[in-house]
Structure formats: structure tokens, C-alpha cells
Amino acid sequence: MKNNNIKPGNLYVVATPIGNYDDISKRALLTLSKVDFLLAEDTRKTGLLLKYFNIKKKLYSYHSYNEKQSAKKFLEKIKQGYNTALVSDSGTPLINDPGYRIIKLCRKKYIKIKIIPIPGPCSAISALSVSGLPTNRFCYEGFLSSKKTKRIKRLQELKFECRTIIIYEATHRVLKCLDDIKNIFGENRYIVLAKELTKKWENIHGDNISNLIKWIKLDLNKIKGEIILIISGYKILSKTNMQLSPKIIKTLLNLKKELPIKKAINITADIYSIKRNFLYKFYIKNKY
Ligand code: SAM
């Protein structure tokens, strides 16, 4: 007969290091030691982490490609009273890693499973914290599409995003992605490239996008490894501080010689990623 009085286990969502094993927290180690089993993205990788800390634990694989079935299967186990820890290959689970489905299932009101976060490293937050770009408001985009048309469409949507933008990118796509960003956001947008954080070849370098691309092309090793791009948000200049660089003004005035003012403003705004309305007000205010 079914026993409805079994107390369900807890589900711990445990962050693990993004490169340097010593970044693991005491609480994470304690949790990994005391649970009944672990759900891991890649059992081999998590196995190495456990071995390093001398923890022996049953590991089950929990991938994104079979998450739907796995989530149901392991939900049943947790309901039977097994304390479980969810980990990913590195960093915080669910941040571009598997876990969403099982958390969503366990969150259902009638299932009384406690979900407990064990916070720790997250590459996006680590990169943001050292970027020197505003951190009071930011948006996380994860990976842009590997398909050019989709990537460009998303970048066009992000062009006037004022918050700092965090993007994950794969080594072999970084240059293509930076080229697309340059074409859409304009060559002056400031970007920080954070590579291999907490590892031997850690490198954090920021510049405007044109210079950044030139700097990478001098030595392609600079984009070998795990990479995050932190992009400065779109800058809206205040009405009281209507200033534009001489380069922008020169472009506008040169275009104006050949084209109607509306067209000249539209083209200049597109080149330098400035709002058309702002440029128009600037033009009127300065009586050019
Ligand atoms: N859940 C992970 C986290 O919390 O950091 C992110 C997993 S996502 C599948 C992997 C991507 O994160 C990499 O392609 C890279 O963009 C970024 N990443 C992970 N570790 C990194 C590191 N040590 N340095 C720079 N980027 C890293």
C-alpha cells in the first residue's frame, strides 16, 4: 500500500567552481557530502571535483537533452525521501545549465519539497564584477544564436538597451559575434572580454569594439578558452548635457551638405548608435 506520510527529501541547488576548485564553499562541500545522491550534468566532470575533495557519492546524469524525462524520474525519488543535490559542470546550475524543469516541478504547491540554494561562483557575475561597467542594472543574454540571422535580429533588439549586457560566447564564434556587434552597435561601444576566469590564463581586457577586435587579431590565443562579453549599455545623453564628439558633428554637417537634414540625421544616428530624436534636438539647439 502507498505510504503518503513519507517526508520528501530536500533538493539542494549547489554552485561549484568555474575553474579554481578552491572557490568551493564549505557549505557546498558539506551539502555534497551529506546528500543521498547528486544530479550532475557530466558525471565524469563532477566525479573529478568529488575526487579532489575526497567525497564519495552516487552520481546520476541530468542533461538538458533528456531533462523532461529525468526531471519526472528524480522528482519521484525526492518525493520518496532522498536528499538530492543538483550541480552543473561549473558555476551556478540553471544559469545556461540544466535544472529548470526539476525546480519547476518541485516548486508546485502540492509537492512539499524544500529547494535550498547553496550559492557560489557564477561566471557571468564574476565577469560583471570586474568589468568596470555599471552593475546597478544589467541584463543577462546567455549565448546569442549561432545562426547569423537570429543573432543579428537579437542584437538589433538590444541596440538601445541601456543596462550593461552580459553575453556568453564560444571561442570559435567570438570574432563573428564582435563583428556583428560592431556593425549594429557602432564601433565606439565599450566591451570587456573576460576569459578563463579563475584559471591559469585568466585575462580581462576592455576597449571600444574596433580596438578590441584589432587587439584580438594580434594574437588569437586571447580568445582561447571560456569567454564572456560585458557590453556597455546604450548611453542616453541628458537634455541638459547635450554634448557630442566633434567627429559626430563633422559627420552630420558633411552629410547635410549633400542630403536633406532628416536623412543626414538618420544616417549619423545609425553610424554612431545615437537616438535620432536626440540628434535632431541637438541640431536645432545649436542652430547649425
Ligand atoms: N552555469 C555557468 C556559470 O554559472 O558560470 C555557466 C555555464 S555556460 C554553459 C558556459 C559558459 O559560461 C562558457 O561558454 C563561458 O561563456 C562562461 N564561462 C564559464 N566559466 C567561465 C570562466 N571560467 N571564464 C569565463 N567564462 C566562463
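A polar contact is a pair of N or O atoms within 3.5 Å; within protein, one atom must be able to donate a hydrogen and the other to accept it, and residues adjacent in sequence count only if both atoms are side-chain atoms. By that rule, a backbone N or O atom of Leu197 lies 2.8 Å from a nitrogen atom of the ligand. The model is predicted, and local features need pLDDT of at least 70, while side-chain atom pairs count only at pLDDT 80 or more and totals for chains, interfaces and linings use all residues. Residues are numbered from 1 along each chain as its sequence is written, and side-chain values use heavy atoms, with hydrogens and water left out.

**Ligand surroundings**
- The ligand is surrounded by 19 residues (each with a heavy atom within 4 Å of it), and the closest are Ile95, Asp97, Ser123, Leu197 and Ile227.
- An oxygen atom of the ligand lies 2.9 Å from a backbone N or O atom of Thr92, whereas an N or O atom in the side chain of Glu226 is 3.3 Å from a nitrogen atom of the ligand.

**Domains**
- An automatic or database domain assignment divides the chain into domain 1 (11–121), domain 2 (124–231) and domain 3 (237–285).
- The centres of domain 2 and domain 3, taken over C-alpha atoms, are 27 Å apart, and seven residues from each of these two domains take part in the contact (heavy atoms within 4.5 Å).
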